[in-house]
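Please open the structure in a viewer and keep a selection tool at hand.

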Amino acid sequence: MTPMPCPTSSRRRQVLLALSALGTLAPTGLLAQSLMGTSAMPIRLVVPYAAGGPIDVTARWLAERVRDTLGTVVVDNRPGAGGNLGVDLVAKAAADGHTIGISAVATHAINPWLFNRMPFDAARDFAPITQILRVPNVLVMNAQTADRLNIRSLQDLITYARAHPGQLNYGSGGNGSAGHLAGEMFKKAAGIFAVHIPYNGGNPAQLALLSGQVDFNIDNLATAAPNIRAGKLKALAVTTGKRSSVLPDVPAMAELLPGLEIDTWWGLIAPAGTPPELVQRLHQAFATALNDPQTRSQFAQLMAEPVVNSPAAFGEFMASERAKYEKVVKASGARVD
């Protein structure tokens, strides 16, 4: 006698088949709908730094600007390990478009050479979406020190440093920080020697400069601008290839030292394997937000310039930045265990 099929087993098989079909459809069907705002499932935007900083501020602004296109975007701050902790969450998330994150010059250009062990591969574990912005760095001196040494330009600083090797010093937020590496790049390009003094973070480094404990820093323009305007710091050069519209009278380093260009930047990434059509949909939504005049006005308050490039172009840019900083980090000898 042929055994009758168990109704419970039959129903279980039907449920499993349905779930299997649902999983197959998720990347291109249901998720595509969610990215068009027809699903209640939010997108998580991982910011690998603490709340309140410029990266967090820009992420939250953009999250609001893409709401009508992508639905709810929830900013998730996951600071730690120089940004590596939050970025690793993105690397290990499902490649379904519901988790994206911020990449920055630290996480995707400096840290791969600075840390002895990385929890992710910056070159292979991510799908680039678009760059978000760049912020110029600026070489600033304590204004009183500049007056005392009669240094009024970048050329004056270089001339003085060459005549007095080792007598000038500069501060940074720590060994391997962007300010430290920018200082090393400047020293090499200018053919000078100045003593590096690391501090535990950018704020202590700026306070050391303001108090005259160090002679110059290469700092983020957004951080330095208030003290430049107050006359406490003297801006000698911005580190971008061209002059900044914020400080048009301050020359670019590249005018005197061709090829020297050091930007602070960050952008958007998804986990590797995210379907190209979803990456493109995310790119289009954020590109539209970045090109909006309101966004440009908002970012100008942070001394930042929005940058929109294709996923492929952003990937190539990050690769070129890694190659640039590999040489700088290795030459500096900075390492994090």
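Begin by selecting Thr 264. Leaving out residues up to four places away in sequence, Thr 264 touches Val 105, Leu 133, Arg 134, Val 135, Asn 137 and Asn 220, where a contact means heavy atoms within 4.5 Å. The model is a predicted one, in which local features need pLDDT of at least 70, side-chain atom pairs count only at pLDDT 80 or more, and totals for chains, interfaces and linings use all residues. Residues are numbered from 1 along each chain as its sequence is written, and side-chain values use heavy atoms, with hydrogens and water left out.

**Stop 1**

Thr 264 has its place in strand β9. Helices (H or I, at least four residues) and strands (E, at least two) are DSSP runs, numbered from the N terminus. Is Thr 264 buried or exposed? With a relative accessible area of 14%, Thr 264 is buried; the term buried means under 20% relative accessible area, exposed means over 50%, and partly exposed lies in between (1.4 Å probe, protein chains only).

Asn 137 lies in strand β4 and is buried, with a relative accessible area of 6%. The side chains of Asn 137 and Thr 264 are joined by a polar contact of 3.0 Å. A polar contact is a pair of N or O atoms within 3.5 Å; within protein, one must be able to donate a hydrogen and the other to accept it, and residues adjacent in sequence count only if both atoms are side-chain atoms. The side chain of Asn 137 also reaches the backbone oxygen of Ile 262, at 3.4 Å. Not counting residues up to four places away in sequence, the residues that Asn 137 touches include Ile 218, Asn 220, Ala 237 and Asp 263.

**Stop 2: strand β4 and its partners**

Now select residues 126-142, which form strand β4. Of its 17 residues, 16 are buried, so β4 is largely enclosed by the rest of the structure. Which strands pair with β4? Two strands pair if DSSP finds at least two bridges between them. The partners may be coloured one by one:

- Strand β9 (residues 263-271) runs antiparallel to β4 and is joined to β4 by 9 bridges; within β9, Asp 263 is the bridge partner of Pro 136.
- Strand β10 (residues 305-306) pairs with β4 in the antiparallel sense over 2 bridges, and Glu 305 in β10 stands opposite Arg 134.
- Strand β7 (residues 216-220) is antiparallel to β4, with 5 bridges between them, and Ile 218 in β7 stands opposite Leu 139.
- Strand β8 (residues 233-238) is also joined to β4 by 5 bridges and runs antiparallel; Ala 235 in β8 is the bridge partner of Val 140.

**Stop 3**

Select Gly 231, which is found in the loop between α10 (221-229) and β8. Gly 231 is partly exposed, with a relative accessible area of 46%.

**Stop 4: helix α7**

Select residues 154-163, helix α7, whose buried residues are Leu 154, Leu 157, Ile 158, Tyr 160 and Ala 161. Seen down the axis of α7, these buried residues fall within an arc of 165°, so they line one face of the helix; the arc is that of the directions from the helix axis to the C-beta atoms. Arg 162 and Ala 163, on the other side of α7, are exposed. The buried residues of α7 pack against β4, α8 (178-190), β7, β8 and α11 (253-256).

**Stop 5: the nonpolar cores**

Finally, select Phe 186. Leaving aside neighbours within four places in sequence, Phe 186 is in contact with residues including Leu 139, Leu 154, Phe 216, Met 253 and Leu 260. The largest nonpolar core has 47 residues, and Phe 186 is among the members that touch the most others, together with Leu 139, Leu 154, Leu 157, Phe 216, Met 253 and Tyr 325. A nonpolar core is a set of buried Ala, Val, Leu, Ile, Met, Phe, Trp, Tyr and Cys residues joined through side-chain atoms within 4.5 Å. Another core, of 30 residues, lies apart from this one, and its members include Ile 43, Val 47, Leu 62 and Ala 285.

**Last view: the whole chain**

Buried residues make up 48% of its 337 residues.
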